[in-house]
Amino acid sequence: MTRRTAAALAATLLATGVTPLFLSAPASAAVARYSDDFNGDGHRDLAYGGHNDVDRTGGTVTVVYGTATGPDTAHPQRLHQDSAGIPGTGEEDDQFGASLASADLNKDGYADLVVGNPTEHVGSQRYRGSVTIVWGSKSGLSGGTNVAPRTGSDGHFGADVATGDFTGDGSPDLAVIGGMETWLYRGAFTRSGTTGTVSKIDKTGAGWYSYGLAAGKVNGDGKTDLVVLGEQFVNNTPVERVWFLKGAAGGLTSGASKTVAAGSAAIGDFDKDGYGDIALGRPDSNDGMGSLVVWRGTASGPSGSHTYNQASSGVSGSRERDDNFGYAVAAGDADGDGYADLAVGVPHEDVGSNEDQGGVHLFRGGPGGLTGTRSTWVAQTVTGADGAYAAFGHTLRLRDLTKDGKADLGVGAAGGGVLLRGASGGTTTSGAFTLPELGGSFQD
C-alpha cells in the first residue's frame, strides 16, 4: 500500500472522478489457510477502495471473490458504513477503506477484513478515526466490530493497518497507526470487541512519529516482523527514517533503523536465502524522479542495502522529474520460480505525449536478488484505455488469485484497475481481469 499520497496524484485522481487444502466448512478455531479467503472456499479474495454508491459519501470498499476460474469480477460486493451490520455512519469527509488489511482474526477459518477510516468523526472528536473488522463467513464478509482506540491513539486512528502473527502464538495480531504512534493489538479477537493485550510501540525518548506499516517475515524465525515508516526528530530537526521491529513472544522488539525517506514498503525474499528483504519505495527522492532501496534480510534483521532507479542497468525508460518511481511497491512470486518478485509503480511516467500515463516495472527475483536486467515494463496499454493522467501503478498487489502457483499483479489506475496473470516471464496480458469500481488502494 502506498503510504503517502503525492499532491500530483491526488490532483490526477480528483480530476478523473476517483473519490498482500481447505475445507468448505472450516473447522472451529482453525486459522484460515489464506489471510484473504473471506468465505473459506479455498480461493483468495481481493478487496480495495472503491467508488462511492450513488447519493452517499464516506468511502466504499469493493470486494471481488475468488473462484475456480479466477476472480468473479461480475459480482463484486460493496461495503460501507451504511451497510447492514457495519458500525458508524458514512459522512462526507470519511475515508472508510483508506487503509486495508486482512487475517483470520477470530480464528474461525474465515479471513476477516480490517478497514481503516482515519478521518472518522466520533462525537465531538473530529478526525479521531476508526478501525473496523468486517467478519468473514461461509457467505462472505458481513457485519463488523470496531477496534477500540487506546488513550493517545486519537487522531487519524487507522491511518494505516497491518496484520500478522507477531508473537508467534498462532493467533493473528493487528498493528494500527493512531495519533502518529503504532499500536499492537494482540490476538485473538472476538465479535464482541475483546482483544488480547494492547501496547504502544514507540521509540522512547526518540521523538518518533509513525505514518506507514508493512508486515512480513524478515529474520527467518517464523514470526511476522513489522516495518514502520516514520519521522524522528534529531536535534529538533525532522529526519525521515524506517524502523524494523522483530516479532517476539512478548510482542514486537526494537531492531535496526535506517535513515531513508520511504513512501511505500513491501517484504519479500528476492534472493531465496530464507530471509525477507525490505523494499522501500522513495517516490519523492531526487526531485520526484524516485528510487527504490532494498534493505537485505539476515538472521539478525535487515543489514546492508542496494538502490535502484530508472537509470539502473537493464531498467527500461529514463529518469524524469516527478515520475514518482516507487510510489507503490508489492512483492510476490509472479513467475513461480520460488523467488519473490517486486512490482514498482511509476504513476506519473510520461509516455509519448501522454502526461502522467504511468506504468509498472516488474523486477524478478533470482540468485543475488533483484537486478535491472531481470526487469520488465508493464505499460498502461494493457487496460485498452491508455492515455494521459491515467496514473497507472498508483496501487499494486501481488497474490496468486488464480491458484496456478504464480502471483497475479493487481494494478490501479485513475480509470479503474486490472489484474494480470502471473506467467513464466513475469506477467501476461492474456486472460487479464478488469477490476470493477477500483477507486482507492488494494488491501495489504
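**Entry 1: the surface and the fold**

I take accessible area here as the value from the Shrake-Rupley method with a 1.4 Å probe. With that in hand I looked up the surface of this predicted model, and I note that the protein chain exposes about 16200 Å², of which carbon and sulfur atoms supply 48%. I then counted the secondary structure and found two helices and 30 strands in the protein chain. The radius of gyration is 20 Å, close to the 22 Å that the globule rule gives for 444 residues, so I record the chain as being as compact as a globular protein of that length. Along the principal axes, the C-alpha atoms fill a box of roughly 55 × 50 × 45 Å, and 57% of the 444 residues count as buried.

**Entry 2: charges and a nonpolar patch**

I looked up the charges next, and the mean positions of the 32 positive and 50 negative ones lie 6 Å apart. On the surface I also found a nonpolar patch formed by Met180, Tyr209 and Phe233, which together have about 280 Å² of accessible area. Of these I followed Phe233, which sits in strand β15, residues 225–234, and is partly exposed at a relative accessible area of 37%.

**Entry 3: salt bridges**

How many salt bridges does the structure hold? I find four.

I began with the one between Asp36 and Arg397, whose closest N and O atoms are 3.1 Å apart. Asp36 lies in the loop between α1 (7–15) and β1 (46–50) and Arg397 in strand β26 (residues 396–399), so this pair ties together parts that are 361 residues apart in sequence. Are the two partners buried or exposed? Asp36 counts as buried at 0% relative accessibility, and Arg397 counts as buried at 4%, the cut-off for buried being under 20%. I also note that Asp36, Arg44 and Arg397 are linked in a network of salt bridges.

I turned then to Glu437 and Arg78, whose side chains meet in a salt bridge at 3.7 Å, N to O. This pair links distant parts of the chain, with Glu437 in the loop between β29 (426–435) and β30 (438–442) and Arg78 in strand β5 (residues 77–79), 359 residues apart. Glu437 is partly exposed at 35% relative accessible area, and Arg78 counts as partly exposed at 31%.

Last, I looked up Arg364 and Asp335, which form a salt bridge with their closest N and O atoms 4.0 Å apart. Arg364 lies in the loop between β24 (359–363) and β25 (375–379) and Asp335 in the loop between β22 (329–332) and β23 (341–345), so the pair ties together parts that are 29 residues apart in sequence. Asp335 is buried, with a relative accessible area of 9%.

Note on methods:
Residues are numbered from 1 along each chain as its sequence is written. This is a predicted model: local features need pLDDT of at least 70, side-chain atom pairs count only at pLDDT 80 or more; totals for chains, interfaces and linings use all residues. Side-chain values use heavy atoms; hydrogens and water are left out. Helices (H or I, at least four residues) and strands (E, at least two) are DSSP runs, numbered from the N terminus. The radius of gyration is taken over C-alpha atoms; the globule rule is 2.2 Å times the number of residues to the power 0.38. Buried means under 20% relative accessible area, exposed over 50%, partly exposed in between (1.4 Å probe, protein chains only). Lys and Arg count as positive and Asp and Glu as negative; His and the chain ends are not counted. The place of a charge is taken as NZ of Lys, CZ of Arg, CG of Asp or CD of Glu. Patches are made of residues with over 30% relative accessible area and no salt bridge: like charges are joined within 9 Å, nonpolar side chains (Val, Leu, Ile, Met, Phe, Trp, Tyr) within 5 Å.
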